[in-house]
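Subject: Structure handover

Hello,

Here is the structure I promised to pass on. Please open it alongside this email.

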Amino acid sequence: MATWNSRGLRGSTLEDLINRTNEKYLENGLALIQKVPTPITPINIDKESRHITLAYFDQKSTVDYIGVVQGIPVCFDAKECAADTFALQNIHEHQVKFMGAFEQQKGIAFFLIYYTHRDVFYYLPYEMLRFFWDRAVEGGRKSFRYEELNPAYILPRKHGILVPYLDALSKDLEDRE
């Protein structure tokens, strides 16, 4: 049983940026993406502020976001990384399985990784994640390095869009053809 406390909000800045991006995509009629709530059961609630200070997760969450882009089902998870090495322990086996099943149903699964020390957003296609995952399962590195990534999936800065992942999604679709 995993527990949550206030330290669990470390990724909230990235989440806020993605939520605002998704709102912009919705306003422009480009995508409908929803944040998947993580079901929790509160244990302690601060009586004055009425904030939850301790809780446990009811079940394993799958991905952070799910929705549709121009008729294409998509799901993705968002992660932050403060170094050039991304530890695969930050991704859970049930997430990889869910994303694999999602792709089998003709959906597109991916990760958005924010390399905080570089101030770079990266779109990691499921297929690339699966390569790194399988390598680790077979006894190889339990992480991947920034240098191993395809630079074509670095998200460019765009005026008005904070995490512009739709262009990378389009490239991902082209690469699959």
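Below is what turned up, beginning with the sheet and ending with single residues.

Please keep in mind that this is a predicted model.

The sheet

Five strands make up an open sheet. Their order is β2-β5-β6-β8-β9, and the pairing is mixed. β2 and β9 (120-125) sit at the edges, each pairing on one side only. On average, neighbouring strands of this sheet are turned by 25 degrees against each other, direction ignored.

Strands of a sheet pair through backbone hydrogen bonds, in either the parallel or the antiparallel sense. Both kinds occur here, as the sheet is of mixed pairing. Take β5 (residues 65-69) and β6 (residues 72-81) to begin with: they are antiparallel, with five bridges. In that pair, Val68 is opposite Pro73 of β6. On to β6 and β8: this pairing is parallel and has eight bridges. Val74 has Ile108 in β8 as its bridge partner. β8 and β9 are antiparallel again, with six bridges. There, Tyr114 faces Phe121 in β9.

β8 and β9 also form a hairpin. Four residues lie between the two strands. Look at Asp119 in that turn: its phi is positive, about 55 degrees.

Strand β8

Is β8 enclosed or open? Eight of its eight residues are buried, so β8 is largely enclosed by the rest of the structure. Both of its faces are covered. Ile108, Phe110, Leu112 and Tyr114 are buried on one side. Ala109, Phe111, Ile113 and Tyr115 are buried on the other.

Helix α4 (residues 166-176) lies across β5, β6, β8 and β9. Its direction is at about 135 degrees to β8.

Tyr165

Tyr165 is in the loop between β10 (143-145) and α4. Its relative accessibility is 0%, so Tyr165 counts as buried; the cut-off is under 20%. What does Tyr165 touch, apart from its neighbours within four places in sequence? The contacts are Thr21, Asn22, Tyr25, Ile33, Phe76, Phe110, Leu112, Tyr123 and Leu155. Two of these, Phe110 and Leu112, are on one side of β8. Tyr123 is 42 residues away from Tyr165 along the chain, yet their C-alpha atoms are separated by 6.8 Å.

Strand β2

Now for the edge strand β2. Leu32 is one of its residues, and the strand spans residues 31-35. Leu32 is partly exposed, at 43% relative accessible area. Together with Leu26 and Val68, Leu32 makes a nonpolar surface patch of about 240 Å². Val68 is the residue that stands opposite Pro73.

Lys35 also lies in β2. Its relative accessible area is 29%, so Lys35 is partly exposed. Setting aside neighbours within four places in sequence, Lys35 contacts Glu15, Asn19, Asp64 and Tyr65. Lys35 and Asp77 are 42 residues apart along the chain, with 9.8 Å between their C-alpha atoms.

Best wishes

Methods: Residues are numbered from 1 along each chain as its sequence is written. This is a predicted model: local features need pLDDT of at least 70, side-chain atom pairs count only at pLDDT 80 or more; totals for chains, interfaces and linings use all residues. Side-chain values use heavy atoms; hydrogens and water are left out. Patches are made of residues with over 30% relative accessible area and no salt bridge: like charges are joined within 9 Å, nonpolar side chains (Val, Leu, Ile, Met, Phe, Trp, Tyr) within 5 Å. Accessible areas come from the Shrake-Rupley method with a 1.4 Å probe; for residues, only the protein chains shown count as cover. A salt bridge is a side-chain nitrogen of Lys or Arg within 4 Å of a carboxyl oxygen of Asp or Glu. Buried means under 20% relative accessible area, exposed over 50%, partly exposed in between (1.4 Å probe, protein chains only). Two strands pair if DSSP finds at least two bridges between them. Axes are lines fitted to C-alpha atoms, for helices over the stretch in contact, and angles run from 0 to 180 degrees between N-to-C directions. Contact means heavy atoms within 4.5 Å.
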